[in-house]
Amino acid sequence: MKITCLSPPPPLLNLLIFSAAAVSGFTHSAFAFGYEAGIDRCKNDDNVVPPGALVTFIQKGIQYLELEANLSGVSIFNFCCSS
């Protein structure tokens, strides 16, 4: 059984990265990334993104990867780290 994960739209992913950098104190990096990604042109509100949203998103992605590996009978370490 193959699980297809839906990826977030790029503006949402950019907003998650921008918010994580800003909250972590990397204000200049957040500004530069926000400028290059066009965060100011998005209709998203910065207050909508809860703290730690990027970490939660990555954790869920790893959990789905592990679930898919377990359902197919493949070890996640062999799946990710094969030489």
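Predicted model: local features only at pLDDT ≥ 70, side-chain atom pairs only at ≥ 80, totals over all residues.
**Notebook: helix α1 and its surroundings**

I started with helix α1, residues 10–23, and counted 14 residues in this helix. From its first C-alpha to its last, α1 reaches 20 Å, close to the 20 Å expected at 1.5 Å a residue.

Next I looked up what sits just after α1. Gly25 is there, and its phi is positive, about 95°.

Then I stepped back to the whole protein. I found four helices and zero strands, so my sketch along the sequence simply reads α-α-α-α.

Back to α1: which of its residues are buried? I listed Leu15, Leu16, Phe18, Ser19 and Ala21. I also checked what covers these buried residues, and the cover includes α2 (27–37) and α3 (53–72).

Leaving out residues up to four places away in sequence, Leu16 touches Val49, Ala53, Leu54 and Phe57.

After that I went for the largest nonpolar core. It has eight residues, which I wrote down as Leu15, Leu16, Phe18, Ala21, Ala30, Ile39, Val49 and Ala53. Helix α1 gives the most to this core, with four residues. I remembered that in soluble globular proteins, nonpolar side chains tend to be buried together.

Last, some totals. I noted that 18% of the 83 residues count as buried. The accessible surface comes to about 6,600 Å², and 62% of that belongs to carbon and sulfur atoms. For contacts with a separation of 6 or more, I got 56% from residues 24 or more positions apart.

Terms used:
Residues numbered from 1 in each chain as written. Heavy atoms only, no water. Helix = DSSP H or I, 4+ residues; strand = E, 2+ residues; numbered from the N terminus. Expected span 1.5 Å × (residues − 1). Buried < 20%, exposed > 50% of the residue type's maximum accessible area, 1.4 Å probe, protein only. Contact = heavy atoms within 4.5 Å. Areas by Shrake-Rupley, 256 points an atom, 1.4 Å probe, with all protein chains shown as cover. Core = buried A, V, L, I, M, F, W, Y, C linked by side-chain atoms within 4.5 Å.
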